[in-house]
Amino acid sequence: MSGRAAARTLWESARPQGDVRRRNASAWLPHVTELKRDMRRFADSDEVDMVVVGCGAGGATFTQRLAHAGWKVVCLEAGPFWDPQKDWVSDEWGSHHLYWNEPRVVGGSHPVPMGSNNSGRGVGGSMVHFAGFAPRLHPSDFRVRSGDGVAADWPLSYAQLRPYYQRLERELPVAGQYWPWGDPHPYPHPPHPVSGNGEVMLDGCAKLGIEARVGPVAIANGRFGNRPHCIYRGFCLQGCKVDAKASPLITHVPDAIAHGAEIRADAMVTRIETDREGRRVTGVRYVRGGREYVQRAAAVAVAGYSIETPRLLLNSTSRRFPDGLCNDHDLVGRYVMVQGAPQTAGRFAEEIRMYKAPPPEVSTEEFYETDPAKPYVRGFSVQTVSPLPIMWAEHVAEQGHWGPDLRKRMTDYTHWATLGALCEFLPQAENRVTLAEETDRHGLPVARFDHSQCANDGQLMEASRKVMEEILRAAGATELMTVERYAHLVGGCRMGRTAEEGVVDADLRSFAVPNLFITDGSVLPTQGSANPALTIMALADRAACRLAGKEPR
Amino acid sequence: MGRMRAWPGKGAGAVGRAGTWDPVTAGVVLARLGPRHEPALRFFTPREEAVAEALLDHVLARSPDDPPVPVLTVIDDRLATGEYDGWHFADLPQDAEAWRRSLAGLDEDARLRHDGRGFPESGYGERDRLLRHVLQLGSGDWYGMPAGHVWKLWTRYACEAYYAHPHAWDEIGFGGPAYPRGYLRLGRGLREPWEEPR
């Protein structure tokens, strides 16, 4: 580590946390399950300052920031208000209820499975079961059109988002080694110890001369307010019962409640209401316990993520918006992106037991940026992943193994280590969410998501597979398996400079209706090779600060 | 050797360690071992049941010597209550309908090839060849559905049910739930005292 890196790491990890606590006291407050009992309740007829639809990374952060600034906020969430002790289990199949299991239709030449893979439900959203990797985007991600001649430029720069990244890394908090890629920066918590899987990646990378780092993961490694530290039980993707891994349920909802926000769970929003002329939104229609209600609000923020946000807008038609709210330029539901996320596993003579410790351990961004020597643009990152038995079985079955072959291979589970790549797939207009003919139990058309890869996407998948195979082989793997899959979701209501370019502007305000905001991952114009959670939170933080006039100095 | 007893459940498999799990997790996992409510099946017709059992025998290579792991009843329960995975391929109907149609297809294929004997009545080798044929069709059409997507539907449901069971965990060396205990010995080749060498 360079002297500068060491000094910055020391400064970051030793700095007092008073400003974090003043901005967001969630970690110091009583547990959210206790706070919920005395939560403020608004009547539907109260015109609140803001109603937020969805309590995940974007919605919860936005709610907390506005409530903290004194706004009256109600956040409606379609799923339950989780109690980690009662509702979550250390079990793969027993965690099926954490996903959006209502029907969705997937099509295109490369259809993307949803559910456990990329959907969320309940207070905390999909961060409840995300692995925990919390990297920033690189500065180059904000000007892909200018830099690489593909995709789009963002209407804001990395420098404009940087302070928000830093604030949120301290609030989650993020643990990891000094980060040498993109905009180099330290993390507030030290790197976690690594398990067999992480050792394999570090070893393989070291032998090949590939730089790799431990982190960055949003899991407390040491004291942080009242939050316990990690106990390395390995079930991060099933919801963290320990409360060591960050999700908005424990990182932002407690402070939001303490500042008078109401988190109204089990409330499925079915329509955004506008005035007769469609000039302003007036509230939202929602179903709760089989009954329909309308919550009045001076402004609305939609944060249902890349599938449900477009679906809600497309379902909210009116005379002014016959093709869906904010859809004057046929942009709603378009440019939805997933990251190509092939997973390569290697078999080792000794036991690896990859299920021990959090799956997110080690990552490298050596291949993140465009390499002029390569036939493709943009790049990929490589990270540790550790499939539990059911996911591992699907991994093995995907190779065409079944019957005795499948059962026999599965008995070798403890000897395999697994790496996953995140490839930057490019935004394409035809990768889009539309309404299907099928309806849900409320009678609303469900979302259909069509997805096809372009040539660059396929080249990245192939290149990342080769790198992962090399790393595993260098670490001593004797046999390899790769499964092609996808991870994460962003886009669908992208931000732009003009109404022709995006659904919302850089402040996440819709061009079509001035008191309607979209504060979730659907606004990302490109995605980089970074896991999106931190960026979604940073964008929501920035939008709330701009709106409330409380921008950080 | 006396020291070994300090580790609850050593040698007794995942279920033997249930005492170290939190009560909610223990409740969810141990329920998979207990008796099932009647009626045992609500979704599959008796004929579909016979075809599905035979299919699962092949996909999961089940033998009479295996520890009892309920698979068909778990799938039936999911299809009866609509507990799907939150998506289905656009070129396949919803999971329940796709199961019905694909089981009927298997039975029909068997009858055409094996002189009117259905899938469950066909011999082991005959069924095996038939399933290989379906798998080899890949994205080709099979009874109005892409064969590859049907195959994924079968293996997904089968694996989700089978590898959720503690007996299956013992078979593959997975330790099972680890809260509130957690893990202390991380690293290549390292084992907790209660973990058996594989």
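I take buried to mean under 20% relative accessible area, exposed over 50%, and partly exposed in between (1.4 Å probe, protein chains only). The model is predicted, so I kept local features only at pLDDT of at least 70 and side-chain atom pairs only at pLDDT 80 or more, while totals for chains, interfaces and linings use all residues. Side-chain values use heavy atoms, without hydrogens and water.

**Entry 1, salt bridges.** I counted a salt bridge where a side-chain nitrogen of Lys or Arg is within 4 Å of a carboxyl oxygen of Asp or Glu.

I looked up D541(A) and R167(A): their side chains form a salt bridge at 2.9 Å, N to O. D541(A) is in helix 15 (residues 533-548) of chain A and R167(A) in helix 7 (residues 158-171) of chain A, so the pair ties together parts 374 residues apart in sequence. Helices here are DSSP runs (H or I, at least four residues), numbered from the N terminus. Both D541(A) and R167(A) are buried.

Next I checked E351(A) and R353(A), which meet in a salt bridge at 2.7 Å, N to O. E351(A) is buried at 5% relative accessible area, and R353(A) is buried at 2%. I then traced shared partners: R15(A), D19(A), R23(A), R65(A), R167(A), E171(A) and D541(A) are joined into one network by salt bridges.

D19(A) bridges to R15(A), with the closest N and O atoms 2.8 Å apart. I found D19(A) partly exposed, at 23% relative accessible area, and R15(A) buried, at 17%.

Note on methods. Residues are numbered from 1 along each chain as its sequence is written. Chains are lettered from A and ligands numbered from 1 in the order in which they are written. Helices (H or I, at least four residues) and strands (E, at least two) are DSSP runs, numbered from the N terminus.
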